[in-house]
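Please keep the sequence and the model in view while reading.

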Amino acid sequence: MLRLSADMNCNLAVPRHVAIVMDGNGRWAKKRYLPRFFGHKAGVDALVRVINACADRGVEYLTVFAFSSENWKRPEDEVSGLMGLVLVAVTKYLAKLARDGVRIVIVGDRNAVSDRLRAAWLEAETATQHNTRITLSVAFNYGGRWDVVQACKQAVAAGLTADQITEQALSGYMAMRHAPDPDLFIRTGGEVRISNFLLWQVAYAELVFTECLWPDFDVQALDAALADYAGRERRFGAVTAAPAGAGGG
Ligand code: IPE
Ligand code: IPE
Ligand code: MG
């Protein structure tokens, strides 16, 4: 298989930016008669595998949905289990990810999380800020609607007039402003919905939905999604396929 490093990603068949709704952890655990927490734990390991596989294939940006603005509606023990798991995962994997050339960015509303988790994220972002192999954005306490609202608030605070509020200007205030728009959007777990992920940015993403539960998502499943993407014709509203380099971002 053709392999491209991040700085050689001239092959349009490889998406520059992949966004994933990592869904199905609870059902994965249920199938094994395990508490849901074990599904989330297996989900972290799946993510670590997928980051490197994406980087090896020339994907420059990987953005994953880890906790939505709406996931606070879950039972308290599941929410606290997830918070603890994320803290442990950062401690366990930060050195490896930093060595592997991964730049970590956290997107979402940090106000509601603990001081310890906020500090761990800051440490992860700072330790990896100069890495260039792949940018991993972890959406945590994130919602697409929250993002649009917070971007508008920033634009108002910066004193933008109505005329100055353009798509480009607003994009500059979005939590994902460090990345181009996703080319490929994958949702595991069989549900066919967006669930408030990257609403602004997925305008022209190619959508792939798979029954595969997130902890089972492996290199073969990733390659199947990438092959599906490679067979799509992206037109961005035009009549014919977009020329090389066209795209949303
Ligand atoms: C996704 O898996 C992980 C989070 C939302 C944190 P789920 O926990 O939603 O798993 P299912 O959909 O119940 O199987
Ligand atoms: C979306 O999954 C959020 C994450 C994967 C973090 P959910 O399981 O929360 O989505 P719904 O409730 O089925 O739409
Ligand atoms: Mg779910």
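## What covers helix 7

Among the elements that cover the buried residues of helix 7 are helix 2 (36-56), strand 5 (184-187) and strand 6 (206-209), where contact means heavy atoms within 4.5 Å. Helices (H or I, at least four residues) and strands (E, at least two) are DSSP runs, numbered from the N terminus.

This is a predicted model, in which local features need pLDDT of at least 70 and side-chain atom pairs count only at pLDDT 80 or more, whereas totals for chains, interfaces and linings use all residues. Residues are numbered from 1 along each chain as its sequence is written, chains are lettered from A and ligands numbered from 1 in the order in which they are written, and side-chain values use heavy atoms, with hydrogens and water left out.

The buried residues of helix 7 are Ala-221, Leu-222, Ala-225, Leu-226 and Tyr-229, buried meaning under 20% relative accessible area, exposed over 50%, and partly exposed in between (1.4 Å probe, protein chains only). Because these buried residues fall within an arc of 135° when seen down the helix axis, they line one face of the helix; the arc is that of the directions from the helix axis to the C-beta atoms. On the other side of helix 7, Gln-220 and Ala-227 are exposed.

## Cysteines

The whole structure holds zero disulfides, a disulfide being a pair of cysteine sulfur atoms within 2.5 Å. For Cys-212, the closest cysteine sulfur is that of Cys-54, 14 Å away, which is too far for a bond. Cys-212 is buried, at 18% relative accessible area, while Cys-152 counts as partly exposed, at 33% relative accessibility.
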